[in-house]
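Biologist: I am new to this structure and would like to learn how to read it. Could you walk me through it step by step?

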Amino acid sequence: MNTLPNFLDLGLINPKRGDKYSPNLFRFLKKHRSLAQYGWVWKDPEGMRWLGYIHDGDFIGCRLMSALCGWGDVACYPQVQFVASLDVVKDFWPQYVAIGRCAIDPAHTEAFLSAENRFADRGDTRTCNWCGTQQYRQTKKRTVIETVWVNL
Ligand SMILES: [Zn+2]
């Protein structure tokens, strides 16, 4: 795959439309217009997600988490082996437009900024206000084995 437009409408992911959209990612894409227009999300073999595009055999972009955290450094990754190992996540942007940051965190375990209203708690259950996922609180018993030095 080469530099194909991603058809992302930035206006749809403006955090003013809802706190499910990352303010950092929005700012990042406004700053890096080429990524806003051509950036796709990719997965490497270790499961790391990247935001960028392939141009003349080089990957131009950054780690998705870097963009989400507001660290705006975009670099060129020319290693052929790296570029060949990337798989595009074709449905990422439509998912992100629909459910926001839950597309990044479907397990609902990440602590995002500006996410104080993500969940509606009700006793031992909660509902995600961004995507509708319901969860229940599960209590697990753990055995902890600790090794310490003891005087003879
Ligand atoms: Zn959710």
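Predicted model: local features only at pLDDT ≥ 70, side-chain atom pairs only at ≥ 80, totals over all residues.

Biologist: What about the side chains along a strand?

Modeller: As a general idea, side chains in a regular strand alternate between the two faces of the sheet.

Biologist: How many bridges join S2 to S3?

Modeller: Strand S2, residues 49–55, is joined to S3 by six bridges, again in the antiparallel sense. Gly52 stands opposite Gly61 in S3.

Biologist: What should I look for at the turn between S2 and S3?

Modeller: Look at the backbone angle phi. This hairpin has two residues between its strands, and Asp56 takes a positive phi near 50° there. Asp56 has this positive value although it is not a glycine.

Biologist: Is Asp56 buried or exposed?

Modeller: Asp56 counts as exposed, because it has 9 C-beta neighbours inside 10 Å. For exposed residues the cut-off is 12 or fewer.

Biologist: Now the helices. How do I find the buried side of one?

Modeller: An α-helix has 3.6 residues a turn, so residues three or four places apart point the same way. In helix H1, residues 23–31, the buried residues are Leu25, Phe28 and Leu29. These cover an arc of only 95° around the axis, which puts them on the same side of H1.

Biologist: What sits on the face turned away from them, and what covers the buried residues?

Modeller: The face turned away from the buried side carries the exposed residues Lys30 and Lys31. The cover over the buried residues of H1 includes helix H2 (33–38) and helix H3 (64–68). Leaving aside residues up to four places away in sequence, Leu25 touches Ala67 and Leu68.

Biologist: How do I read a nonpolar core?

Modeller: In soluble globular proteins, nonpolar side chains tend to be buried together. Here the largest nonpolar core has 24 residues, and those touching the most other members are Leu25, Val41, Trp42, Trp50, Leu51, Leu64 and Ala67. At least two residues each come from H1, strand S1 (40–43), S2, S3, H3 and helix H5 (92–99). The largest share, four residues, is supplied by S2.

Biologist: How is Val74 placed, and which residues does it touch?

Modeller: Val74 lies in the loop between H3 and S4. It counts as partly exposed, because it has 17 C-beta neighbours inside 10 Å. Not counting residues up to four places away in sequence, Val74 touches His32, Leu35, Ile60, Gly61 and Cys62.

Biologist: How far is Val74 from Cys128?

Modeller: Their C-alpha atoms are separated by 32 Å, and the two residues are 54 apart along the chain. Cys128 belongs to S7, where it stands opposite Phe119.

Biologist: Which sheet contains S7?

Modeller: S7 is in an open sheet of three strands, ordered S6-S7-S8, with antiparallel pairing. Its edge strands, S6 (119–122) and S8 (134–136), each pair on one side only. Neighbouring strands of this sheet are turned by 20° against each other on average, direction ignored.

Biologist: And how do S6 and S7 meet?

Modeller: S6 and strand S7, residues 125–128, pair in the antiparallel sense over four bridges. Ala120 has Thr127 as its bridge partner in S7. The hairpin of S6 and S7 has two residues between the strands, and Gly123 takes a positive phi near 65°.

Technical notes
Residues numbered from 1 in each chain as written. Pairing = 2+ DSSP bridges. Axes fitted to C-alpha atoms, helices over the stretch in contact; angles between N-to-C directions. Buried ≥ 20, exposed ≤ 12 C-beta atoms within 10 Å, placed from the backbone. Arc of directions from axis to C-beta. Contact = placed C-beta atoms within 7 Å. Core = buried A, V, L, I, M, F, W, Y, C linked by C-beta atoms within 7 Å.
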